[in-house]
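Please look through the sequence and the fold shown below before reading on.

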Amino acid sequence: MTTPPTTVLVVDDDRANLDSVARIFQREGLETLTASNGTEALELLRRPEVSVMVTDLMMPGMDGQELLKASRTIRPDVEVVLMTAYGTVETAVAAMKDGAYDFITKPLKRHSLVKSVQKALERHELAAENRVLKAKLAEMGNAGGRAMVGQSPAFRAMMDTLRQAAPSTATVLLLGESGTGKELAARALHEQSNRARGPFVAINCGALPESILEAELFGVERGAFTGAVARREGRFERASGGTLFLDEVGEMPLSAQVKLLRVLQEGELERLGGTQTVKVDVRIVAATNKDLQREVAEGRFREDLYYRLNVVEVRVPALASRREDIPLLADAFLRRFAAKNGKALRGFSPDAVSVLENYAWPGNVRELEHAVERAVVLAKSDVLEVADLPEAVRKGPLGSAGQLVIPIGTPMEEIERRVIHETLRHTKGDKTLAARLLGIAARTIYRKLEREASGPPGTGGDEGPGSNPAE
């Protein structure tokens, strides 16, 4: 299916202004359509290629605000930018409430007009991507599927790194808070790798006592200990030809770390109670919410094992760093739990979405998942309302879209990264404004984003949010 070309619809009863604005967009390489009144515009709006409408506010007959309201019914996906020589705060506020994306006063400045429309086009494209994602999620929901969901800059950066690392044989270390979805990231890595047809085997290193953990990892020979009545393969052997996911690897006892290191170095192991070596062909993906460098410094984690595991480092972002993904994730969970509980639900009310977006989510994606499941189970209508959400989410003291919650012990570079991304989210990607708010040079933001895109963080040296280098 081919995507229709991007087109801007310009509406103005002043022919000279209409032609002038249309030429501006044509010079920017955009397709344009023109209409001299609201009735003409509504007919042209039905064309699927129209992405943005730029309309004059004061026109005879149907004015720009009436046209805006009508367009919300015919093409709610089209972004609307209003032009007027009679700009007042009241008019602007009313237009924004009715769904206008932006409001520009005459005489028009070419740069401001082009920038506004480009931003509106980006928003239109993002909304289109969201609709595609929701359609895929609807298909997955019927089968009870689970997948990585998101479109925020932090999520995309993580997925880009996973895609780059997937075809290699390198071990990958996933870092992130509890509940961020590290196992799903590990599965995504496996599914995009050359081992996708092989098994994906997971083990939580922090959930098992030391003796049981070693038996589970490396296997057991008959008679190795009381109760070992038969030979049993460990997770390494079961994962042969595929991927072994070591969750909470920072909790692994030192004795098991020694044996794990040998397997990574030699590609072979000995089962508990055995003397013969067993060759294994496994790709290792490990995950932890601990600062392993600190664990190494304090003698709780082997330095040589740390470097063996940390060949490719991927940070799984906290939900507070990817707030744009909250509606998508909530919708995915709603569909899954509605199907599981046999409920016909249409979605969330706008107020409920606002509460979800503004809550701090200290438990990350896992907490959101549980909150939505509870809301689905207790829902009294086909739309989830604020009252259906857990009280902790409705009244959470940390809940604010203007706040960023940073757990104690978060590395400084990760704090800087989160602050920059959250500020960019509030400035809608305007790096110059974000730099001004943070009191740093714009080039510092560009440099940090470029470094993040080109590889894992941790090779710092740039100015942090507290510095103020000259422009």
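L113 touches V21, I24, F25, V54, I104 and L108, where residues up to four places away in sequence are not counted and a contact means heavy atoms within 4.5 Å. L113 itself lies in helix α5, which comprises residues 110–142; helices (H or I, at least four residues) and strands (E, at least two) are DSSP runs, numbered from the N terminus.

The model is a predicted one, in which local features need pLDDT of at least 70 and side-chain atom pairs count only at pLDDT 80 or more, while totals for chains, interfaces and linings use all residues. Residues are numbered from 1 along each chain as its sequence is written, and side-chain values use heavy atoms, with hydrogens and water left out.

Helix α10, residues 254–266, has 13 residues and reaches 19 Å from its first C-alpha to its last, close to the 18 Å expected at 1.5 Å a residue, the expected span being 1.5 Å times one less than the number of residues. Its buried residues are A256, Q257, L260, L261, V263 and L264. They cover an arc of only 160° around the axis, which puts them on the same side of α10; the arc is that of the directions from the helix axis to the C-beta atoms. These buried residues pack against α8 (210–218), α9 (235–238), β8 (243–247), β9 (268–270), β11 (283–288) and α12 (303–309). Just after α10, G267 takes a positive phi of about 70°.

Further along, the axes of helix α13 (residues 326–340) and helix α14 (residues 350–358) come within 9 Å and cross at roughly 115°, where axes are lines fitted to C-alpha atoms, for helices over the stretch in contact, and angles run from 0 to 180 degrees between N-to-C directions. The contact is made by I326, P327 and A330 of α13 together with V353, L356 and E357 of α14.

Taken as a whole, the protein has 19 helices and 14 strands, and buried residues make up 48% of its 471 residues. Of the contacts in the protein with a separation of 6 or more, 69% are accounted for by residues 24 or more positions apart.

Terms used: Buried < 20%, exposed > 50% of the residue type's maximum accessible area, 1.4 Å probe, protein only.
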